[in-house]
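Q: Can you walk me through this one? I'd like plain answers, please.

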Amino acid sequence: MIHLSNLEKSYPLAGARSWVLRNINLDIAAGEFISVMGPSGAGKSSLLNVLGLMDHDWQGGYMLDDVVVEKLIPKQRQALQRDKIGFIFQNYHLIDDLKVWENLDLPLQYRDIPAKERAAQVADMLDRFQIVGKKDLYPNQLSGGQQQLVAVARAVITRPVLLLADEPTGALHSSQGRMIMDLLHDLNRDGMTIVQVTHNEEYAKEAQRTLRLFDGWIEKAGV
Ligand SMILES: Nc1ncnc2c1ncn2[C@@H]1O[C@H](COP(=O)(O)OP(=O)(O)OP(=O)(O)O)[C@@H](O)[C@H]1O
């Protein structure tokens with residue numbers, strides 16, 4: 001599903017370049033569940049942003065389901081992102097002015113799904129994530145764990161084939177973290193390909209393999 005070849009990313013720094021990703025070669029098959037680990041600043045979020053088509057300022061090759069990403073124009077890239085990718089951000093990134101159900105509805109609106117069908121899908125998600133009772137609350141009226149549940153629900157409501165999760169359990173208590181991990185396993189069993197960045201060794205081990213980044217280099221592929 002994903003094929004990265006010699007992928008590199010750098011920022012200009014004092015007349016030179018500061019390297020963030022170095023010579024990344026990586027294949028991820030459809031249906032895999034992968035963990036990405038590494039020290040702070042190693043490039044984990046940068047890699048996820050490239051995979052999620054949120055960053056296009058890099059060199060090298062990226063094929064996503066046989067599409068050559070570096071050849072796409074912005075509009076095509078956005079369409080590919082909308083059709084295939086769900087993203088769970090480190091700090092939830094929910095929209096504060098929208099109620100829980102409206103946050104879930106938004107990605108469906110971008111896909112021109114009729115209101116009635118959207119309402120049914122939102123209801124399904126609220127049910128599956130056991131947050132029906134929270135649907136009319138705003139994000140700041142929820143606990144961190146509940147906000148993350150909403151963020152996961154929002155990321156998967158469009159049934160993306162690829163789910164990218166940047167420290168999905170990072171800010172949570174262990175029981176809430178467990179719940180998120182269980183949800184990721186459920187989604188993976190349903191066929192979703194998942195790449196999670198985590199600092200938690202235990203949660204990392206639950207994936208099929210762990211990729212370790214160090215100073216932008218892949219230190220070790222597979223476990
Ligand atoms: N806009 C930028 N300009 C310059 N350097 C940047 C910029 N954004 C990120 N970097 C650098 O890229 C490197 C990788 O950052 P990244 O956020 O990918 O690390 P990370 O492994 O996700 O870290 P953490 O575990 O702390 O989230 C860091 O050294 C960071 O300083």
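The chat below goes from the whole model to single residues.

Q: What kind of model is this?
A: It is a predicted model; local features need pLDDT of at least 70, side-chain atom pairs count only at pLDDT 80 or more, and totals for chains, interfaces and linings use all residues. Residues are numbered from 1 along each chain as its sequence is written.

Q: What pLDDT does the protein average?
A: The average is 94, and 98% of the residues score at least 70. pLDDT is the predictor's confidence in each residue, from 0 to 100. For the complex, the predictor gives an ipTM of 0.94 and a pTM of 0.93.

Q: How many helices and strands are there?
A: The protein has 7 helices and 10 strands. Those are DSSP runs, numbered from the N terminus: helices are H or I with at least four residues, strands are E with at least two.

Q: What about the overall size?
A: The C-alpha atoms fill a box of roughly 50 × 40 × 35 Å along the principal axes.

Q: How much of the protein is buried?
A: Buried residues make up 38% of the 223. A residue is buried if 20 or more other C-beta atoms lie within 10 Å of its own, exposed if 12 or fewer, and partly exposed in between, with C-beta atoms placed from the backbone.

Q: New topic. Which residues surround the ligand?
A: They are Tyr11, Ser18, Val20, Gly38, Ser40, Gly41, Ala42, Gly43, Lys44, Ser45 and Ser46. A residue counts as near a molecule if its C-beta atom, placed from the backbone, lies within 6 Å of it.

Q: Which elements give two or more residues to that shell?
A: Strand β2 (16-28) and helix α1 (44-51) do. The largest share, 3 residues, comes from α1.

Q: How many of the shell residues are nonpolar, polar or charged?
A: The shell has 3 nonpolar, 7 polar and 1 charged. Here Ala, Val, Leu, Ile, Met, Phe, Trp, Tyr, Cys and Pro count as nonpolar, Asp, Glu, Lys and Arg as charged, and the others, Gly among them, as polar.

Q: Take Val20 from the shell. Is it buried or exposed?
A: Val20 counts as buried because it has 21 C-beta neighbours inside 10 Å. Val20 is in strand β2.

Q: What is Val20 in contact with?
A: Leaving aside neighbours within four places in sequence, Val20 is in contact with Lys9, Ser10, Tyr11, Gly43, Ser46 and Gly216. Contact means that the C-beta atoms, placed from the backbone, lie within 7 Å.

Q: Where is Lys9 found?
A: Lys9 is in strand β1 (residues 2-13). Lys9 is buried, with 22 other C-beta atoms within 10 Å. Beyond four places in sequence, its contacts are Val20, Leu21, Ser46, Val50 and Trp58. The C-alpha atoms of Lys9 and Ser46 are 8.4 Å apart, though 37 residues separate them along the chain.

Q: On to the core. Which residues touch the most other members?
A: In the largest nonpolar core, with 59 residues, they are Ala153, Leu163 and Leu164. Helix α5 (residues 144-156) gives the most to this core, with 7 residues. A nonpolar core is a set of buried Ala, Val, Leu, Ile, Met, Phe, Trp, Tyr and Cys residues joined through C-beta atoms within 7 Å.

Q: Why a core like that?
A: In soluble globular proteins, nonpolar side chains tend to be buried together.

Q: What does Leu164 contact?
A: Aside from neighbours within four places in sequence, Leu164 meets Leu48, Leu51, Gly52, Ile85, Phe87 and Val195. Leu51 lies in helix α1. Leu51 is buried, with 23 other C-beta atoms within 10 Å. Apart from neighbours within four places, Leu51 is in contact with Ile2, Leu164 and Val195.

Q: Last one. Which phi does Ala14 have?
A: Ala14 has a positive phi of about 45°, although it is not a glycine. Most residues other than glycine have a negative phi. Ala14 is in the loop between β1 and β2, and is exposed, with 6 other C-beta atoms within 10 Å.

Terms used: Two residues are in contact if their C-beta atoms, placed from the backbone, lie within 7 Å.
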